[in-house]
Amino acid sequence: MIPKPERVFARDFEWRHLARFAAGVGRRPQLGVVSGRRRQGKTFLVEALARETGGFYFGATEATETESLRLFSTALTEHVQEPTPYRFGDWDEAMRRLFAISAERRELMVIDEFPYLSKVSPALPSIIQREIDRAIADDRPASLLLCGSAMSVMGRLLAGGAPLRGRASVELVVRPFDYDLAARYWRIDDPRLAVQVHAVVGGTPAHLRFVGGDTPAGPGDFDDWVQRTVLDPGTPLFREARYLLEEEADVRDSALYHSVLAAVATGNGTRGGIAAYIGRKAADIGHHLNVLEDSSLLRREPDVFRPSRSVYHVCEPLITFYQVVMRPRWGLLESGRAAAVWKDSRGRFSDQVLGPHFEEMCRAFARVEDVVGELPGEVGAGVVTDTAERRQIEVDVVVFAPAIPGEPRRILSLGEAKWGRTMGAGHSGRLRRARDLLGAKGYDVRDTVLACYSGLGFDGALQGERDVRTVGPAELYG
């Protein structure tokens, strides 16, 4: 197994699969696909893999088909040190040669940002399919790794009736760091500060580079840090949220897509709520929602108690921060009024960014941590209707046991999350009421644990309740 270079932070899971793929180079024909949103470090990984194995790496750029072929020809000539430069007339000829070289030299071939090539040369996936099929039929050990950031394009590469369907031996998605790993990457030890920073920049590794390695000196430095980094028009992070949308291949009317993201970021998560916010009919925004989902910019999560009702969430914290804090005051920010904008936006940041983000972090915690002493099944959020008291109880963290056919769904935990509020008996009381109502509806709640998640702490009365588990930032990062 190829050891992971020291310069690669974390990414042990991803490197293990890439190294396993590289171990098959020269032994058998194989195709691999690596995808993930921009700035996650995909290029860093595949470049390192090519360098460690002595393989060929080509990073595509936005260009015409003719120029792309010329750039590819030059890169391949340099790699094999051919005295006579390659001059491929089309991708058919280029791929035949690439597969032949890979098989002859028993080397890994990497094409990065593949969507740039397939956009101007739509037949390219079919050409690669033919070559990989020929390599399999002739038992030629050619190895090709395709990498790309346009999630909608990469997602279709191996889907349904796509030419490359069933040909890949590895399909790897490089995701953002989880919140705990992101805190280590940003070298933040204070749990409350780590939550706040993650609510702004998320787990995208490149964001640390975009602020020149500037991290908050401590909890008291957070406000100043926001103003001198993400709200400063002189930093690359300032415009990054805009670029994330505009770089997606399937986005045409970016203004409408920004409005959809703004609707979701400000709490209008249902299809009807989004439509009302942007002034369209719900039936007219289905395509836009699908594009944003395919691009991994939005995700749709069903109400765990009413699966027919779904709520959309923005996947990238920086986009939520941009839509809530930056976009409404863009002109002032461009003119250097960061302090005034941040002072005016601090309340919205706490309510519409930090609060919902903390809830999502608590659900992530419940998915992997030993909250109730058992392996969880589905984890999500849901609304319980209380007809007797004419209200709806929102349950932020619902943890089910793995489903057993023919038996009532067993609920391991019901939780409520509040970032900016000290939690007390009133919060646990709502959870008890929700537990009773769910039991009456046929759920198994005999051993359901109640959990209160708070960013500020818990009063003495709540801490004395033996059937309630309390979780704060220290436990999230424990």
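**Cores**

I started with the largest nonpolar core of this predicted model, which has 76 residues. I looked up who has the most contacts inside it and got Leu231, Phe321, Met326 and Tyr453. Then I checked which element gives the largest share: helix H18, residues 338-368, puts in 11 residues.

Skipping residues up to four places away in sequence, I find Phe321 touching Val200, Val226, Val230, Leu231, Met326, Trp342, Phe349 and Val353.

As background for myself: nonpolar side chains tend to be buried together in soluble globular proteins.

**Helix H1**

Next I went to H1, which runs over residues 12-23. From first C-alpha to last, its 12 residues reach 16 Å, close to the 16 Å expected at 1.5 Å a residue.

Which residues of H1 are buried? I get Glu14, Trp15, Leu18, Ala19, Phe21 and Ala22. Looking down the helix axis, I see these buried residues fall within an arc of 155°, so they line one face of H1.

I also asked what covers them. The cover includes strands S1 (30-35), S3 (108-112), S4 (143-148) and S5 (168-173), plus helix H2 (42-53).

**Second largest pocket**

H2 came up again when I moved to the second largest pocket, where it supplies four residues, the largest share of the lining. Helix H10 (206-210) is also in there, and H2 and H10 each give at least two lining residues.

The pocket holds about 450 Å³ of space. I have 20 residues lining it, and those nearest its centre are Arg39, Gln40, Gly41, Phe44 and Arg209.

Ser68 sits in helix H3, residues 65-80. Is Ser68 buried or exposed? Its relative accessibility is 2%, so I log Ser68 as buried, the cut-off being under 20%. Leaving out neighbours within four places in sequence, I list Phe58, Thr61, Ala63, Trp91 and Leu117 as contacts of Ser68.

Asp303 belongs to strand S6, residues 298-303. At 4% relative accessibility, Asp303 goes down as buried too. What does Asp303 touch, not counting residues up to four places away in sequence? My list for Asp303 is Arg309, Ala381, Gly382 and Val383.

How values were computed. Residues numbered from 1 in each chain as written. Predicted model: local features only at pLDDT ≥ 70, side-chain atom pairs only at ≥ 80, totals over all residues. Heavy atoms only, no water. Core = buried A, V, L, I, M, F, W, Y, C linked by side-chain atoms within 4.5 Å. Buried < 20%, exposed > 50% of the residue type's maximum accessible area, 1.4 Å probe, protein only. Contact = heavy atoms within 4.5 Å. Expected span 1.5 Å × (residues − 1). Arc of directions from axis to C-beta. 1 Å grid on protein atoms, 1.4 Å probe; cavity = no way out; pocket = protein on both sides within 12 Å on 5 of 7 lines; lining within 4 Å. Points joined across faces, edges and corners; volume = space filled by probe spheres on them.
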